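Please look at how the parts of this protein model meet. Take the sequence and the structure together.

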Amino acid sequence: MVAWSGRFGPDNLSLTEKLGAMSWGLIALLLLTAGLGFAMLYSAAGGELRPWALAQMIRFALGLALLLSIALIDISRIHRFAYVIYALALVLLIAVEVKGSIGMGAQRWIEIDLPGFRFQLQPSEIMKIALVLAIARYFHGLNAEQTRKWTSLIVPCLLICVPTAMVMRQPDLGTAVMIVAGGVTLMFLAGVALRWFVGGALLTLGSLPVAWSLLHDYQKQRVLTFWDPASDPLGAGYHITQSKIALGSGGLFGKGFLEGTQSHLSFLPEKQTDFIFTMLAEELGMVGALLLIALYLLIIAYGFGVALRSSSQFGRLLALGVVVTFSLYVFINIAMVTGLIPVVGVPLPLISYGGTAMITLMVGFGLLANVHVHRDMPVGRGSSQGPF
Amino acid sequence: MGQVLLVSGLVGRLYYLQVVEADTYRMLADDNRINMRLLPPLRGRITDRFGEGIAINRQTYQLVLVSEQTESVADTLDRIAALIDLSESDIRWVLKETSRRSDFVPVTVREGLSWSEVTRIEVNLPELPGVLIEEGQSRFYPYSELAAHVTGYVGAVSEAELTAADPLLELPGFRTGKNGVEKIFETELRGNAGTRQVEVNAYGRVIREIARQDAATGEDLTLTIDMGLQGFAARTLGEEAGSVVVMDLLNGDVLALVSSPAFDPNAFNQGLTSEAWQALLNDPKAPLINKAIAGQYPPGSTFKMIVAMAALEMGLMAPEDTVYCPGHYTLGNHTFHCWRRWGHGHVGMVEALKQSCDVYFYDVAHQVGVDKIAEMAERFGFGAVTNIELTGERAGLVPTKAWKESVIGESWLGGETLNVAIGQGYMLATPMQLAVMAARLGNGTSKVMPRIARSTTGPDVPFFETLNIDPEVLAVVREGMVAVVNDPVGGTAYGARIEDEGMEMAGKTGTAQVRRITTADREANRDLEDIPWNERDHALFVAYAPLHAPRYACAVVIEHGGGGSTAAAPVARDVLREAQRRQSVRWPHDDAGGLPGQEV
């Protein structure tokens, strides 16, 4: 085996080479951010590791193991299974839908009850990653000229719309918005002509009244109270109002770790999940909030770096997809708790308490690390290399 | 690019919320978590002149249950019911309340636990998780009904009172004075609320106390009442419906003010059942009315001193001028009877007072005229409220010609003057006014006004207007009053004299007709027992004592008691004697009784 040939084709990177090329910088940033999250969960429990901080640490450790494992998988294999994963995610979404229509009300997860291990599988979370994989694979198979044709938009639009429709039916407005926004951004980054986005935007605006009529009452209520939270301070506007009070009262330097009155006296709802940024900003002030945002920006910048250095279109789009999804989480959550957009129920990545979101994220970062590890490896094109 | 825009948007928003608007939100956060709780003040005590508590605060105990600290509310209630009295409906109510409220909110299971119930619960506390005994203070009137009409009572805050600004009024269970001095001195007795700032969480649970300002206890109130004398007077009056008022005629202190029957003010504080309330309202003896100040009676013959003084002052009559009493007096074609059907013969003024000859006063009044009589009556306190610090006082009525024209719209008839002469007709007076008249007669120089709240700052003898009555005029009526009680020959109240040396009293009997006396009645000359209770005459007596250095004035009115001499005078005698006996109790270190006595 010639030395240079080791850089081309499957399986010709040794484990030590892969570990050497591993994104340790990313892992360090993730550890720092998650560490801040553990501290906040510790505070949310009133200075106790239970019930949240310890569980979150275990999940993070599991996620880290998952990240490393995924990073080491051959990128061509990931490319090959991209559509399969998407199809599986879609089947799971349908399963949830069927189960939900039989059962009662909104159902977003499947109860998995393996011997000795029990968890809730949330297909919409899997779909976020699966969609990135599918779009990345689709555009990887097209050259620049093909990408610019309008016919190339049909498949990715279907890839986006079908799961979005399913998620909307659950109903999970936040995740639906995330899927659409992530998918569309990725299409843009793949090189689809700008005019289609302008047209799409106009179409969206035009269809808003129709979309509005399809929303559930409580979803409408959330949007309405966003415009005027004071109209119902103890009802639907409660979350936003209390969150703003907590944030504002934190001031520049915060009330101090474990000293947040709004969060500890339960005025702030969901303080360990969706509104944990508020709690952080209350206790650590604007300084703490900016520190967290800086960490997020570093992770995002790192991700863009990985995308830029990837030699394959699939790797680049995969990395971009993960970064875009991640930034959307960050932006939507912070914009939501600061009252810039309606409350949609998106967790703050790496900080909010929650198993599925943490695992999804770590899988995403695993893919990012994978692209980083295999940055110089070409990925074959077309259907000849098909899934099987 | 886009990312930069989004990030600066977020940072800008954070800057706006956390720096620009930080103070606003800090205030809102404090509003959220800091809760003001009112601490009710202790009500001021009401004591008699010696500091004996008449309205005090008593420790009360209530049993509360915190449902989060007990496994099963129903089981715990069963265990409580085995120890103390707890009705089925109480249990149902507690079960409903505990399920309705947050489980950390204490729910009152029973109020007003006796001390033995408290100890039974305390001993068994280990088996009663979540059970607490809370201490409180509630108004208590140790003398029960003895001073009920003086103290009044406290009760739950009424809708009308709620308009006042004091936030205390909105506290559940807060009590305000409803009557008597409890009402008049409500502001002083109430005190000021304290506050407690507590930190609460979103569910209202108290986390800790941040600041506390204790409530300011209400001012204590010392009355002029002598509870020893008050009790004595009430017992002397007994079951009769009526009033006794005893005054210090030098400074106006009301030493005893009894209105009978009375009620138990404690019952009002605890909350009266509607049956009990109806019973009080419908009682023909009107226990809720303070008859001493709100009862208006024709003064009867007790009014004759006023007529006599009016005549003397005008010079129409010399004391020794006599009138012949054949037993009746004729004016126009009306015949006015003397109480003594066979008449008194020739009587002078002292004799007329002593024997209470009606014809003498018919004759005198006819000469004096009603307006001059009214003038004298007003000088002695009739026809106007005394402004004593009690609720419900009424003014009585002193008729004049102008009054009749404006109120009834008819002109005055000469015969009506004759009715006024013997304290009948339109003439009405309260027992308090009768006591004031007696006090001014005994005092001789000042328009004594009654007071029931003791001034701690003012002079011992308040300023009184001058009575402006000629001492010689006064001496004549006093002589008559002395004779009424102490002259064995014809004195109408000789049987009720005080025999103790130096304590003798002077007085005047009165018998006020409740219904018109017909000729048939006069013929029948029925015994008291044969007349229905509510048709019998009111018995009145006014007096002062001791004779030679007057100090105490007294008025007794017994509703439907029959004659003044037989029913009212003995009560006045006993009460005035007791008042003098207690003088050494009232002023143990001062032989002069706190004030220079008066020689007559």
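The model is predicted, so local features need pLDDT of at least 70 and side-chain atom pairs count only at pLDDT 80 or more, while totals for chains, interfaces and linings use all residues. Residues are numbered from 1 along each chain as its sequence is written, chains are lettered from A and ligands numbered from 1 in the order in which they are written, and side-chain values use heavy atoms, with hydrogens and water left out.

**Two domains in chain B**

Chain B is assigned domain 1 (36–167 + 177–222) and domain 2 (230–259 + 289–593). These bounds come from an automatic or database domain assignment. The C-alpha centres of the two domains of chain B lie 48 Å apart. Domain 1 of chain B brings 14 residues to the contact, and domain 2 of chain B brings 19. Contact means heavy atoms within 4.5 Å.

In domain 1 of chain B, the residues that lose the most area to domain 2 are B:R49, B:L146 and B:H149. Together they make up 46% of what that side buries. B:R49 also forms a salt bridge with B:D253, and their closest N and O atoms are 3.3 Å apart. A salt bridge is a side-chain nitrogen of Lys or Arg within 4 Å of a carboxyl oxygen of Asp or Glu.

Helix 7 (180–184) of chain B is one of the elements that supply at least two residues to the domain 1 side. Helix 7 of chain B gives the most, with 4 residues. Helices (H or I, at least four residues) are DSSP runs, numbered from the N terminus.

**Chain A against chain B**

Here 33 residues of chain A are in contact with 25 residues of chain B. Helix 13 (276–309) of chain A is among the suppliers of at least two residues to the chain A side. Helix 13 of chain A gives the most, with 10 residues.

**The two contacts in a table**

Buried area is the accessible area (1.4 Å probe) that two parts lose on being put together, summed over both.

| Contact | Buried area | Share on carbon and sulfur atoms | Salt bridges |
|---|---|---|---|
| Domain 1 of chain B and domain 2 of chain B | about 1400 Å² | 64% | 1 salt bridge |
| Chain A and chain B | about 2400 Å² | 74% | 0 salt bridges |
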